[in-house]
Amino acid sequence: MPNQATSLSLTLILSTALLAPSLALAQNSPSNVSSSQPVLLAQGGLSGMVPTELPPVSVTASRLGDGITGTSTTVISYEEIQRSPGDTIQEVLSRQPGIQIRSLYGGVGGAGTTVDMRGFGATASANTLVLVNGRRLNDIDLAGIDFAAIPKDSIERIEVIRGNSASVLYGDGAMGGVINIITSGAARPGFTVEAGIGTLGRREASASARQSAGGFDMTAYGNFVNSDGYRDNNKLLQRNANGDIRKHMDFGDLYMNFSVDDQQLGLPGERSSRRNNVHPRGATNPYDYANKQGQNLTIGGTYLIGNFADLVVDAGVRRKSQDAYFDQSGFPSYVDTELTTYSFTPRLNLNNKTFGLDLKSIIGIDLYRSDYESDRQQRAGNRPINRYNAEQESHALYGQSTLGLDAATDISAGLRLQRTEVSARDRYDAGAPGGGFGSQGSPFDNSETNHAYHLGFEHRFDPALAVFGRVGRSFRFPTLDERIGMGSPTSFTLRTQTSQDAELGLQGRAGLAGYRLSGYLMRLENELAFNAASFTNRNLDPTERKGIEASGDYQVLPELKLRAAATYIDAEFRKGANAGNTVPLVSTWSGNIGVSWDIVPKLLLLDVDTRFFSARRMENDDRNFQPQVPGNVLVDLRLSGRLEDRLRWSLAVQNLFDKNYYDYSVASATTYGAYNYYPQPGRTAMARVSLDF
């Protein structure tokens with residue numbers, strides 16, 4: 001398309017002129033990049049007293065380099081992940097300020113659990129961008145991120161970047177924030193096997209290996225999880241494997257990583273407030289299920305250009321196959337979907353000085369193409385009633401720079417231009433079984449250009465105290481599932497969601513204590529949401545989020561550490577019929593208190609987390625007239641230890657005090673007190689033993 005090529009060419013010329021004298025941010029490569037920029041990190045070990053200055057951040061295997069100046073960023077260490085009483089990745093993340101989670105089911109390894117950064121409620125998964133080793137996992141459908149497909153033991157660390165500041169580097173879908181899961185390098189040299197058994201019929205096993213030879217680093221992981229689940233028809237069968245191969249050479253590195261996963265999950269459905277004496281563990285839908293298979297391959301390399309630049313070129317393909325069956329009150333529906341995404345993401349990191357000042361920059365291109373095919377029919381084997389075919393391409397050019405004005409002050413600026421083209425068609429067959437109740441969707445072709453920007457600063461008053469701030473713009477393109485919806489007729493037309501953000505924060509250390517405090521404002525236009533009355537998606541009236549996030553830690557003794565986090569968020573409609581009302585599924589208050597105690601160093605370790613969340617409005621209750629999902633306080637505990645440096649053991653208990661609760665519910669838009677909810681398990685436990693060779 002000539003107009004598209006011209007636009008990208010002009011943008012490339014402009015960005016190159018602005019960013020030419022610059023220094024590299026970190027890349028998606030195996031090299032470690034240390035930073036002098038202080039960022040308060042999550043602490044995992046208790047081996048010594050906490051230093052009295054801000055520790056440096058080391059953010060690698062991504063485009064984040066020294067971090068994004070002006071942004072609230074946390075790095076969760078390998079040890080902290082391993083010692084967390086939380087049984088899933090989502091529960092590990094829930095300890096962080098600004099993150100809430102909610103679950104459809106319990107005891108199924110995190111399947112059906114959503115991570116919500118900065119209060120997006122029902123659409124949280126589409127507004128939180130998840131990366132693995134710096135590459136996007138978010139797809140153009142609404143399936144959400146399957147954290148259960150990532151073996152927990154394969155994770156080296158997790159980088160949490162709050163707010164929309166990473167939109168310049170990674171594109172749409174990063175309004176609430178970015179979660180970057182780093183797997184390369186997590187395995188310890190040698191071979192490890194682990195087995196576990198727990199309540200709710202849970203059994204699991206895993207193996208990992210790492211070997212270095214002839215300039216190659218090779219890592220492999222595999223695991224399986226079987227669980228009966230808390231409710232009837234909620235069994236989980238999960239199989240995962242991933243690997244990474246890297247070759248180190250004088251001019252740079254070559255790397256390849258891959259992953260495969262297979263999930264089979266029963267879907268018990270909701271429980272209803274209008275049915276008396278409903279057993280919480282029963283299944284409304286005893287035959288519903290969802291299956292998923294995924295494959296992912298990434299290859300790439302890094303080429304060093306002197307001591308001032310490096311070029312990173314990588315490409316990937318990701319395929320996801322899904323089939324699911326639903327039977328709602330005698331109206332069966334079967335969905336069979338194939339989604340393949342191709343990506344090519346070259347970038348150049350530059351290192352230079354300008355007028356004697358350090359300047360760090362990255363300039364890159366992101367090319368993505370997704371092919372989507374989805375058949376909707378009554379049952380497997382029937383002719384499809386609707387057959388949706390869609391293609392989506394995005395072409396983006398971005399650049400971001402950080403300038404060190406002096407030893408204490410950094411400023412940063414970044415810009416992203418992204419053009420997205422989508423073409424969607426619906427083939428309707430009225431003669432198919434159940435086709436008499438369907439309709440034909442109109443053809444849809446659209447192309448548009450969006451932009452994101454970031455402006456940030458950080459000033460260090462001394463080695464133990466820093467202030468930071470930023471402003472930025474981001475966007476979220478509607479997913480294909482949002483365009484298709486569940487209603488009839490299909491209307492593919494939706495507007496792109498945008499957000500303007502501002503944030504100001506403070507972080508530091510005082511003796512044995514560390515702290516971080518930040519406040520932010522997000523103002524959104526055309527926020528995308530589901531309309532339960534029509535079973536379609538829509539653009540909301542303007543909304544906003546105002547919030548305060550605080551976290552801290554205190555090293556009481558070399559073997560005893562306390563930590564805490566608290567979040568206040570006001571998510572509300574600011575215009576329209578619901579102006580002043582709270583956005584559903586967002587708790588105003590949330591937080592946690594944690595204790596890590598090395599009772600007998602190495603032999604016996606104790607970790608306890610207490611997580612709380614206040615009441616939240618039910619999904620579909622934009623009018624705020626229904627009862628609320630009750631708030632709750634939950635306690636998780638983990639005992640662990642190591643024997644003779646080879647044998648490790650752990651016993652984790654979730655919901656220690658056996659609370660009856662639910663954290664997700666869908667309300668009637670018209671009838672007070674009518675709602676569906678999803679009960680969560682009471683007390684559960686999991687014991688694991690691992691052996692290192």
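User: What percentage of the residues in the protein chain is buried?

Analyst: A residue is buried under 20% relative accessible area, exposed over 50%, and partly exposed in between, using a 1.4 Å probe and protein chains only. Of the 693 residues in this protein chain, 56% are buried. The model is predicted: local features need pLDDT of at least 70 and side-chain atom pairs count only at pLDDT 80 or more, whereas totals for chains, interfaces and linings use all residues. Residues are numbered from 1 along each chain as its sequence is written, and side-chain values use heavy atoms, with hydrogens and water left out.

User: How many helices and strands does the protein chain have?

Analyst: Helices (H or I, at least four residues) and strands (E, at least two) are DSSP runs, numbered from the N terminus. The protein chain has 6 helices and 35 strands.

User: In what order do the strands of an open sheet lie, for example the sheet of 5 strands?

Analyst: Strands of a sheet pair through backbone hydrogen bonds, either parallel or antiparallel. Two strands count as paired if DSSP finds at least two bridges between them. Here 5 strands follow the order β1-β6-β7-β4-β5 with mixed pairing. The edges are β1 (73-76) and β5 (135-136), each of which pairs on one side only. Within this order, β6 (residues 157-162) and β7 (residues 177-182) pair in the antiparallel sense over 6 bridges, and V160 stands opposite I179 of β7.

User: Which strands form the open sheet of 3 strands?

Analyst: That sheet has the order β13-β34-β33, and its pairing is antiparallel. Its edge strands are β13 (271-272) and β33 (665-667), each pairing on one side only. Between β13 and β34 (residues 675-677) there are 2 bridges in the antiparallel sense; S272 stands opposite N676 in β34.

User: Which residues does T567 touch, apart from those up to four places away in sequence?

Analyst: A contact means heavy atoms within 4.5 Å. T567 belongs to strand β28 (residues 560-573) and is buried, at a relative accessible area of 5%. With that sequence neighbourhood set aside, T567 touches P97, G98, I548, E549, T588, W589 and S590. Over the protein chain, 67% of the contacts with a separation of 6 or more are between residues 24 or more positions apart.

User: How many salt bridges does a search of the whole structure find?

Analyst: A salt bridge is a side-chain nitrogen of Lys or Arg within 4 Å of a carboxyl oxygen of Asp or Glu. The search finds 52 of them. One joins D244 to R246 at 2.6 Å, N to O, and both of these residues are buried. Another joins R538 to D622 at 2.7 Å, N to O. R538 lies in strand β26 (residues 536-539) and D622 in the loop between β30 (604-613) and β31 (632-643), so this pair ties together parts 84 residues apart in sequence. R538 is partly exposed at 27%, whereas D622 is buried at 11%.

User: Where do R563 and D609 lie in the chain?

Analyst: Their side chains form a salt bridge of 3.4 Å, N to O. R563 is in strand β28 and D609 in strand β30, so the pair links distant parts of the chain, 46 residues apart. R563 and D609 are both buried. Salt bridges can also join into a network, as they do among R118, R162, R470, D501, E503 and E549.

User: Which residues make the nonpolar surface patch of about 540 Å²?

Analyst: Patches use residues with over 30% relative accessible area and no salt bridge; like charges are joined within 9 Å, and nonpolar side chains (Val, Leu, Ile, Met, Phe, Trp, Tyr) within 5 Å. This patch consists of F251, Y303, L311, V313, F344, I365 and L367. Two or more of its residues come from each of β15 (309-328) and β18 (357-377). F344 is in strand β16 (residues 331-344) and is partly exposed, at 36% relative accessible area.

Terms used:
Accessible areas come from the Shrake-Rupley method with a 1.4 Å probe; for residues, only the protein chains shown count as cover.
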